[in-house]
Amino acid sequence: MDKGELTSWALKNGWQEIGGHLSLTKPSSPKEAIVRMVMKGTVVNVEIKKPAGKWEKVFGESYSKIAPDPETGFPMGLGFDKINGFSMLMEDNKNRAVFAKLAGKP
């Protein structure tokens, strides 16, 4: 996956742009990012915000080694499957984004 494909996937799956990075937010504080993807020229890093407020890199991979799952399109190679509660956090963010769009319509 390249940067564009990864960005497209993330935005369709509940991620949002916060501070220039694709981010997932806390359920209790939807404006505060707690997981983010930092996309650089040749690599993407996944960082998690520590309770003290500092970002810690937990996974990183070059774009050439990230591939979409053939069945789900989920990007494999970024360690998302190794982060406890990640799927639930992503689902919560996706649902919140969908409901926000619905609430905005007359």
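This is a predicted model: local features need pLDDT of at least 70, side-chain atom pairs count only at pLDDT 80 or more; totals for chains, interfaces and linings use all residues.
Which residues are buried in helix 1 (residues 3–12)?

1. Start with helix 1, where Leu6, Trp9 and Ala10 are the buried residues. They lie on the same side of helix 1, because the arc they cover around the axis is only 100°.

2. Both ends of this helix are worth a look. At its start, a side-chain oxygen of aspartate 2 comes to within 3.1 Å of the backbone nitrogen of glycine 4. Just after helix 1, you will find glycine 14 with a positive phi of about 95°.

3. Next, turn to the aromatic rings: searching the whole structure gives eight aromatic pairs. One of them joins tryptophan 9 and tryptophan 15 in a tilted arrangement, with 6.4 Å from centre to centre and 50° between the planes. Tryptophan 9 has a relative accessible area of 10%, and tryptophan 15 has 3%; with buried meaning under 20%, each therefore counts as buried.

4. Another pair to look at is phenylalanine 74 with phenylalanine 80, an edge-to-face pair with centres 5.8 Å apart and planes at 75°. Phenylalanine 74 is buried at a relative accessible area of 18%, and phenylalanine 80 is buried at 3%.

5. These residues belong together: ring pairs link Trp9, Trp15, Phe74, Phe80 and Phe86 into a cluster.

6. Finally, do have a look at tryptophan 55, whose ring has the charged end of arginine 36 sitting over it, 4.2 Å from the ring centre.

Definitions and conventions:
Residues are numbered from 1 along each chain as its sequence is written. Side-chain values use heavy atoms; hydrogens and water are left out. Rings of Phe, Tyr and Trp (its six-membered ring) pair if their centres lie within 6.5 Å; planes under 30 degrees apart count as stacked, over 60 as edge-to-face and the rest as tilted. Buried means under 20% relative accessible area, exposed over 50%, partly exposed in between (1.4 Å probe, protein chains only). A charge sits over a ring if NZ of Lys or CZ of Arg is within 6 Å of the ring centre and within 35 degrees of the ring normal. Helices (H or I, at least four residues) and strands (E, at least two) are DSSP runs, numbered from the N terminus. The arc is that of the directions from the helix axis to the C-beta atoms. A polar contact is a pair of N or O atoms within 3.5 Å; within protein, one must be able to donate a hydrogen and the other to accept it, and residues adjacent in sequence count only if both atoms are side-chain atoms.
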